Amino acid sequence: MKKIVILGLIGLVVSLFVVGSYYALFRYRTFPPAADQPVETLDVLYVARDVELSERGAEDPVWRHVPSKTLALAPQVTAIPWGKASVPEVTVAAFHNGERIFFRLQWRDATENRAVGRDTFTDACAVMLPLVEEPQPNTIMMGFLEGANIWTWKAVRDAQVWGRERAASPAPAERPYTDYYYPLEEREVFPIVRESVASAVEDLIARGVGTLTPRAHQRVQGRGLWRNGTWTVLLTRALATHEAEEATLPVGKARAVAFAVWDGAKGDRGARKSITGWVRLRLWPAEVPAGAAGR
Amino acid sequence: MREGYVLGLIPETWRFELTQFPWVRRLLKSRWIPLALILFNVFLFTVILMAGFFGGLTSPGNYNFGIMIVWILWWVLLMMVLVPVLSRFWCTMCPLPFLGEWLQRLRLFGVRYVKGRNLYFGLNKRWPKSLSNMWLMNVLFLATTFASGFFTVRPAATFVLLAAIIALSVVLSLIYRARTFCLYVCPVSGFQGLYSNFALTEVRVKDPEICAKHKTKGCVVGNERGYGCPWLLLPYAFRRNTYCGMCFECLKTCEYDNMAVNLRPPGVDLLVDEKRGLDEAYKALIMLGIAVVFFVTFQGPWGTLKDWANAATLSGYLTFIGLHASWNLIVLPAIFLLFVWLARRAARQAVPLKKVYVNFSYATVPLGLAAWIAFSLGIILPNGSYLLHVLSDPFAWGWDLFGTAHFPWTPVLTGIMPYLMILTLLVGLLFSIDIALKIARQTFTEPEAAGRGAFPILGFLGATTLSLMWLFVG
Amino acid sequence: MKRSLAELSPQEALAVAIWIEERNARIYENYAEMFEWYEPDTARAFREMAGEEREHGRRLAALYAGRYGEAACEVTDADIRELVEAPVVEDGEALIYDRASRRQALDVGLQAERRARAFYAELAERTEDPALRALFDELAHIESEHEAFFVRKLAEVDPSENA
């Protein structure tokens, strides 16, 4: 009798486990994460004009009239090398003219670093636009598992594209560089082919950590100017998209965006950077409802 | 370093009896301890299981109560506080074998004591002799880590793991005697046991002579106040923390109040030169190896490895399992064997290679524990703030129980995290060196031979520390 | 206040020796109970040893009766400082590793008897009181007989059995 009871109990436990596991695994509920909605909103107004990628463009009066946001930056801490929060904040403004969108990123940086080499790293910044409408809750841990389009401006590329004459510390343009070393080699021995650089901004896609890949067609342009301890970087791209891996920028809607900044003098490179959380990017149509957009 | 002193500073025999305080003794002798702690964790793990069950396969890990509490809070607490400080205190309050033990005793609170002995429900069989060691736990823990890529991102995987452990513990409790599941099967038990030898706390007999004269050893056979040691120890005689589940039954059953809970210097049990075995040696090396694999895979810059571990493709996943298993079962033990062989050769003493291998493996325990603590820092400091979110909204149903549901992701102290990791590893290395030197003297009887024999092992420990530093801080 | 065995009178020392055998019998019975569920063969060995200790106790009791008749003695093993002949299974993890064999059980008894023999012999050397010395010599001799019993028992155990 006792044995029958014990066998019955064992059968019950095993059955509960099998049924429970089946339901958990195959009849799962995917609840939408009660994700933290972006705290900050950056309004992108319609302004019927262009700005040129130059010093004049960086100081164009339009930037005084469109809304800007100063966003707190946090260290990147999910992939080696860790960030160090070397840049505390970045100020971002943007507008569109119905055909192109323009971003202006500004942050304090005591030194202008346009060179790369061993233990020498470039200053840089990036705009990340997820390829899904509702990305996972944060920008790093799960943020781009479903893919993101990332525009990365690097001071070293900027110097190559826009000429050395404007750079205080010219880059050794022909020196290949990588963050990765084969563990048994003192330095990288695999051949690295340097592509011809057409833009200071790399138009990339990523689908998880360590998957940054240049897009086949580079459509983002940009330029950075360093003056009096401040970087001002302009980035622009056509609103219209041509490929699935290109982030959409739908006018009249809001979408997520995140920003990152590297301070080369403090050792930022690769994953070592300062990042924002998601920011709601609201692209206003030509007719802005009176008083709708914040400043 | 002075013989008989930990790090040349604290006598190995130093003890501070916590149970000398009457309220501590009263507390531990009460049958409410550990029951109250277990019941709290039964509630907590019920919520965890529900979150895993409802979370399915695709909910984000950082917003799932089950994943965050188990893999961020529990794991970190286990490695950083519970094991190094409080020994197997997690086993004291672990809710997973609760159902099985309840069925065995058919009592939640009281003691089933009839005709001079504890009564148990179930078949009360003996665990097979061939499995009475850590090998099964070694294999099961390693096998569990094959699925580590799922546990932190797929709530259902955590559910299945915990449910499997509970189901297995119930089944084994009905067939086998006492805490057979905890002793020989639980994947978490083995490393807790081994690493608890480093812990600052112990349950031990106070005066062995009292026990020698004692005719009825209630601590082993039980009495009306409590159960005979559920962990099958002879509480009056055991000398290592490895298998003491800190259930405090022996404090309840001892008629002479001759059991004590002591504070002690770290690592002293690693020097107990008895019961050492290849199963425990492998456990030490596997733990060290898994710490490396986890870091490389989940916190390193190699996204491909993470994809493999997450089973993005079947071939990638099989590659991960193959590499992971080979590294832990063959490569790392073989590297250690090389250093041990060098140690034996340097010592020029005819000690069996197996003995040298097994003995010195215990010296890797402090470093292994330090590696896990450093790894845990990389989990808790960046991700700890998610805990506030899941506490308020455990099922992601939009609740805000404590007003913290929208607390933003806030990494803490990550700026100094690399330094904390390095410091942790260096402290671990220091203790490992101390233990290695003493084990050398145990293994090679001549002092000069011991000095020579220790060198290669110190080399292994140093190289391991440098490799871990390189991995951890880039 | 506990006293040393050497401070007792011969009558008291003999009474204590009887108590020790009785105590040991109880301890062996307890061990038998501990190992009963676990290894019946080992438990049986402990039971046999308990019986043997009882037999030792009876022999000493007969000796006591022959010398002191019915005269009661208040001193027991609890009143002396030394720990004499206490059999202890010292392997605290014996049950975990499934290493408690019949051979080990008998070895526990053998070690206890050896310790007792050595203890009484040493006492006999140190004691100046001739009567007490004679008693300790006698007890040491009895313990050496017990020791021989366990040696014989151990020799009967299959040598392939684990130690």
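Reply: Let's start at B:Ala436, which touches B:Phe360, B:Ala363, B:Ala454, B:Ile457, B:Leu458 and B:Leu461, leaving aside residues up to four places away in sequence. Bear in mind that this is a predicted model. B:Ala436 belongs to the largest nonpolar core, a set of 193 residues, and together with B:Ala371 and C:Phe46 it touches the most other members. The largest share of this core comes from chain C: helix α1 (residues 10-36) of that chain gives 15 residues. Chain B takes part through both of its domains, domain 1 (14-270) and domain 2 (281-473), so the core lies between them.

Now for those two domains. The C-alpha centres of domain 1 and domain 2 of chain B are 24 Å apart, and 34 residues of domain 1 of chain B are in contact with 34 residues of domain 2 of chain B. What builds the domain 1 side of chain B? Helices α2 (32-55), α3 (65-86), α6 (135-146), α7 (148-151) and α10 (187-196) of chain B each supply at least two residues to the side that touches domain 2 of chain B. Of these, α3(B) makes the largest share, with nine residues. By class, this side of domain 1 of chain B holds 24 nonpolar and 10 polar residues, and no charged ones.

The side of chain C that touches chain B has another make-up. Here 21 residues of chain C are in contact with 23 residues of chain B, and the chain C side divides into 12 nonpolar, two polar and seven charged residues.

And chain A? Two pairs of chains are in contact, and of these, chains A and B share the most contacts. Chain A and chain C have no contact joining them; their closest C-alpha atoms lie 18 Å apart. Chain A has four helices and 14 strands, and 43% of its 295 residues count as buried. Among its contacts between residues at least 6 apart in sequence, 66% join residues at least 24 apart.

To come back to where we began: B:Ala436 sits in the largest nonpolar core, along with C:Phe46, and that core lies between domain 1 and domain 2 of chain B, because both domains give residues to it.

How values were computed. Residues numbered from 1 in each chain as written. Chains lettered and ligands numbered in written order. Predicted model: local features only at pLDDT ≥ 70, side-chain atom pairs only at ≥ 80, totals over all residues. Domains from an automatic or database assignment. Contact = placed C-beta atoms within 7 Å. Nonpolar A, V, L, I, M, F, W, Y, C, P; charged D, E, K, R; others polar. Core = buried A, V, L, I, M, F, W, Y, C linked by C-beta atoms within 7 Å. Buried ≥ 20, exposed ≤ 12 C-beta atoms within 10 Å, placed from the backbone.
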